[in-house]
Structure formats: C-alpha cells, structure tokens
Amino acid sequence: MTILRRLAVGAAALALAGLGVVGIGQTPASAAPNFQVPFACGVTVTAATFSGHNPPNSVDFQKSGITGMPVLASAAGKITRVANEGDTSYGRWVEIDHGAGWTTRYAHLNSQTVSVGQQVALGAKIGTAGATGGVTGPHLHYEQRLNGTAQKAKLNGVAVPYYGHTDFTSKNNCSGNPYTPTEVCGAGYSVIDQQALGGAGTTYLLYNASNAGNCVVTLKARSLGTATATSAFLEVEGTARVTDSGNFTYYAGPVRKVAEATCVKWGGSVGSESYTSPFEHCG
C-alpha cells in the first residue's frame, strides 16, 4: 500500500471514529479572539441580526441615542482600513486586523479617531457611532471576519442569536473610561495635576503652554455609559468660578480659562466624591 493510500485510509478511519482530521495541505482554523461588545463597559445595546443582511452574519447594534457614543475595539489589533464611502454602503468605517485571519469591521460611524497602521488595545476608542452611508437610522454595523468571510458573531464567548434582537451588556474596557483628559480638552493641553475621587473617577488639571490656557475635566470610572451626577470647575484667582455640572455618561468638562502667572483653584465630583484644590499652580 502506498504512503498516500495509507494516509487516506487512516483519515477515513479517524472520521468513522468521530475524530476530526485536517486534510493534507490544509491549515486548521485558528481560534477567534475573545471578542467583546464594541461599546464602553456597562453599556447595554441590542444586537440585531437579519436573514437578508449583507454580508450574511453581520450584526447591527441598536440603542436609543447611539449617535456620538464611543465605539471601541472588540479585540486588540492593527488598523488596516479607515475609509469613507460617503452616502453609500458602509459610510465611514474602520477595519481591525487581529491576526490569524481574523478581522472586525465597524461601519456607519459618525467619526473615526484612528489611522491606518495604528496598533490598538482591546477597548481602545476607534470612533463614534452614527448614521453615515446607506442607512435609514443610526446604528453600528459590525462584522467578525475569518479570512475575509463574515462569521456568526460571538461576544465575550456568547453566540449572538440568529435571527432576532438580543440585548448584550458590554464588559469591554471595564477597567477604564474610553476618553482621555487630553482628548477632552483638546490639542496642546497636557496634564499637570490630578486627583482621584475615591475610585469613582478622577479630576484632571491640564495646561496649554502656547496660550496659557487651563482646562479641567472629570472622567468617570463607574457607571460608564449611564448618566450620573458629575462635575468639573475652574476658578482663576480674582475671577468667577466656571462649572460644568450635570448628569453625564463619561465626563464633565472641559472647563477652560486663561491664567498666565495667576493662581487657579480647580476640582470636580462624581456622585458624592468630590475634590477642591487650594489656589495653586501660580507660575
């Protein structure tokens, strides 16, 4: 019996025994990453699947007020596409390569905050949800692809039901807020001081050396995606205090004031936890 004949007989015997076998010249499929819901920790979204979806096995994430919500990487990887199809197809969309043939796509974005070639961690913000492209309403179109073909999605190990509408609560990036203080305050600002708020969040003081601008922002660390009482304030010595206070999903602020060679008082709160600085940073 030839070697190839023996291999064929052996494979048939394994198949009859109920054991899987990889054919000669074939590569076994790699296990998928533990993909997470592409929204901030604690956010509940509806995963909608349709028999006529294009491509098949895509998921539409739906939620009231979804426009502008941060969209997060559902696994670590490298950004391979940042595209804009205008008023057709995906509209604004992003693709992430996770290795071993796996990619994810995020479409109909309101904005994109990454660039091609950028490495992103699990839970990194890649854009905001919207209604660009060929859509009738705001939602996030999402795909998990293996070697270019959309697969039936799993989120944190749980299979998304096909076909229907199923709520999922995100466990993505539960260790942090999708925003950074410099992102909130804007280009040119750097953190010069910060104060933790008992685990509920952190208040930051930032400074822009080019224009002597001060900026205060309070980032939440709990109840992310849910509107809760949060505040940030900034007071330049000799002037009235400016405060941003209300029920916010991720942060309060930015509060900005120019203070060159003048002391400032700053602080903020999340729930019952608060901080107020003395007048300081006077240089």
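Close-up 1. Asn214 is found in strand 17, residues 213-220, where strands (E, at least two residues) and helices (H or I, at least four) are DSSP runs numbered from the N terminus. The model is predicted, so local features need pLDDT of at least 70 and side-chain atom pairs count only at pLDDT 80 or more, while totals for chains, interfaces and linings use all residues. Residues are numbered from 1 along each chain as its sequence is written, and side-chain values use heavy atoms, with hydrogens and water left out.

**Close-up 2. The largest nonpolar core.** A nonpolar core is a set of buried Ala, Val, Leu, Ile, Met, Phe, Trp, Tyr and Cys residues joined through side-chain atoms within 4.5 Å. The largest one has 44 residues, of which Phe39, Val59, Phe61, Val71, Ile96, Ile126 and Val160 touch the most other members. Domain 1 (43-170) and domain 2 (181-276) both give residues to this core, so the core lies between them; the domain bounds come from an automatic or database domain assignment. Apart from this core lies another, of 10 residues, among them Val216, Leu234, Ala259 and Val264. Not counting residues up to four places away in sequence, Ile96 has contacts that include Ala73, Ile79, Trp102, Tyr106, Val120 and Ile126.

**Close-up 3. Aromatic rings, with Tyr179 and Tyr251.** Rings of Phe, Tyr and Trp (its six-membered ring) pair if their centres lie within 6.5 Å, and planes under 30 degrees apart count as stacked, over 60 as edge-to-face and the rest as tilted. A search of the whole structure finds 9 aromatic pairs. The ring centres of Tyr179 and Tyr251 are 5.0 Å apart and the ring planes stand at 70°, so this pair is edge-to-face. The pair links distant parts of the chain, 72 residues apart, with Tyr179 in the loop between strand 14 (165-169) and helix 2 (181-185) and Tyr251 in strand 20 (residues 251-258). Tyr179 counts as buried at 13% relative accessibility, whereas Tyr251, at 26%, counts as partly exposed. Elsewhere, ring pairs link Phe39, Phe61, Tyr106 and Tyr142 into a cluster.

**Close-up 4. Strand 2 and its partners.** Two strands pair if DSSP finds at least two bridges between them. Strand 1 (residues 44-48) and strand 2 (residues 59-62) run antiparallel and are joined by 3 bridges, and the bridge partner of Thr46 in strand 2 is Gln62. Strand 2 is also joined by 3 bridges to strand 10 (residues 140-146), again in an antiparallel arrangement, with Val59 standing opposite Tyr142 of strand 10.

**Close-up 5. Ala196 in strand 15.** Ala196 lies in strand 15, residues 190-196, and is exposed, with a relative accessible area of 51%. When residues up to four places away in sequence are not counted, Ala196 touches Gly201 and Thr202. The C-alpha atoms of Ala196 and Glu273 are separated by 9.2 Å, although these residues are 77 apart along the chain.

Terms used: Buried means under 20% relative accessible area, exposed over 50%, partly exposed in between (1.4 Å probe, protein chains only). Contact means heavy atoms within 4.5 Å.
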